[in-house]
Amino acid sequence: MQTMNIQENFCPKCGGPTENEGICNKCLAESIEWIVAEPRVVCAYCPTCESVKQGNTWSDTTKERQVLAEELALGALHVHNDVQDLHLTVESHEPSPNRTKCIIHAEGTLYGVPKTARVDVLIAWKKEQCDRCNRLSGNYYEGVIQVRATDRTPDLHERVRVEAIATNIEESLLEAGDRLSFVSRIDDTRDGVDIVISSHHIGDLITKQVTAELGGRTTRHPKLFGERDGKKLYRITYLVRLPRYRRGDVIEVKNRYYEVRSVESGTLKVFDLQEGIMNVIREDDAYRIVANVRDAQYVTVSFIDGDMAGILDPDTFMPITIPALAWLNLAEGSAFRILRDRENDRIVPVG
Ligand SMILES: [Zn+2]
Ligand SMILES: [Zn+2]
């Protein structure tokens, strides 16, 4: 707090009293262009997918054009650093189909002096094909994923899963803002599934997910196809080889039945369907695939007689008896699943 000996300063501009060394706050606030804007902002958008280019980057937007225009207008503003309590409102209209006019009403305080201003920004919309649509229309691709299986063809379940994995990954990449990774085409062929992809990134993700879920392994075969900005461009053929045995396959080994639980580098983790325990056996092409537990049928125990259980054969509806294996814990009325070994017409309980 200043007391005594007050030295009065006078503003050289208006002659009024001031606490400043030079001109007073009021004159200062008046002399400064406190808010300005670029009068015209050009915004490129893709007429096909409506994505918007900002700087050199395209991005998808779900915003309405009016909302986008007002954001661009606010982005074109330059406000003096000393402005406080800034309050902005925007209104807009479209004088022509490719122009949006935004009127910004600004209020603020500068050196304690209240200020208001009106700033106009014209948004000029420009059509331009985006990077993604450009890739799509040019049949651009960076790879093909070929899903095959060992000594068999992929089954319907595997084909459905492969397609679902590919489209889910495409969807999540798109959501994460990766615009250039997409699935161009999926072909369901006699030999397996072919997926044409636009980037190596999506190829790596799809093949990783497929082998994680369905087993098997991927080999990559790159091939040079051009150059862009001094960078070599490769197309990669990803060969995914699904394992001979699938999760859930029931195999017959030396007259015993096992359910395959997982396949890992040459070994099978199996569930012994006789003893009801887990086991590990070496992968061998010689095992006979009986069926898959996905195709098992439920039956109900009609009676227990010693170590035998009575059921209705689900195919013939005739009463039959099968061994009541200990691990099944069967009781009268309990339900469990069975498979049929067509080769010797044996019933195989799978629990
Ligand atoms: Zn003054
Ligand atoms: Zn586009």
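**Entry 1. A pair in the predicted model**

I began with R185 and D187, whose side chains form a salt bridge with the closest N and O atoms 3.2 Å apart. I note that the model is a predicted one.

**Entry 2. Other salt bridges**

I searched the whole structure and found 29 salt bridges. One of them joins D131 to R179, with 2.9 Å between the closest N and O atoms. This pair connects distant parts of the chain, since D131 belongs to helix α3 (residues 131-137) and R179 to the loop between α4 (156-175) and β12 (183-188), 48 residues apart. Is R179 buried or exposed? I found R179 to be buried, because its relative accessibility is 6% and the cut-off for buried is under 20%. D131 is partly exposed, with a relative accessible area of 26%.

I then turned to E259 and R261, whose side chains meet in a salt bridge of 3.0 Å, N to O. E259 is buried at 8%, whereas R261 is partly exposed at 35%. I also recorded a network in which D313, D315, R340, R342 and D345 are joined by salt bridges that share partners.

**Entry 3. R288**

I located R288 in strand β20, which covers residues 288-292. R288 has a relative accessible area of 19% and is therefore buried, the limit being under 20%. Its side chain makes a polar contact of 3.3 Å with the side chain of E343. Setting aside neighbours within four places in sequence, I listed the contacts of R288 as V250, I251, E252, Y257, D341, E343 and N344.

**Entry 4. The zinc ions**

Which residues coordinate the zinc ion (ligand 1)? I found the SG atoms of C11, C14, C24 and C27, at 2.2 to 2.3 Å. These donors follow the spacing C-x2-C-x9-C-x2-C. The angles among the four donor atoms are 104 to 116 degrees, and the site is tetrahedral. C24 and C27 are buried.

C130 and C133 are buried.

**Entry 5. Domains**

I noted the division of the chain into domain 1 (19-127), domain 2 (139-242) and domain 3 (249-349). The centres of domain 1 and domain 3, taken over C-alpha atoms, are 73 Å apart.

Notes:
Residues are numbered from 1 along each chain as its sequence is written. Chains are lettered from A and ligands numbered from 1 in the order in which they are written. This is a predicted model: local features need pLDDT of at least 70, side-chain atom pairs count only at pLDDT 80 or more; totals for chains, interfaces and linings use all residues. Side-chain values use heavy atoms; hydrogens and water are left out. Buried means under 20% relative accessible area, exposed over 50%, partly exposed in between (1.4 Å probe, protein chains only). Domain bounds come from an automatic or database domain assignment. Donors are N, O and S atoms within 2.8 Å of the metal (3.2 Å for Na, K and Ca); water is not among the atoms, so sites may look incomplete. Four donors count as tetrahedral if all angles lie between 85 and 135 degrees; four count as square planar and six as octahedral if opposite donors are over 155 degrees apart and all others between 65 and 115; anything else is irregular. Helices (H or I, at least four residues) and strands (E, at least two) are DSSP runs, numbered from the N terminus. A polar contact is a pair of N or O atoms within 3.5 Å; within protein, one must be able to donate a hydrogen and the other to accept it, and residues adjacent in sequence count only if both atoms are side-chain atoms. Contact means heavy atoms within 4.5 Å. A salt bridge is a side-chain nitrogen of Lys or Arg within 4 Å of a carboxyl oxygen of Asp or Glu.
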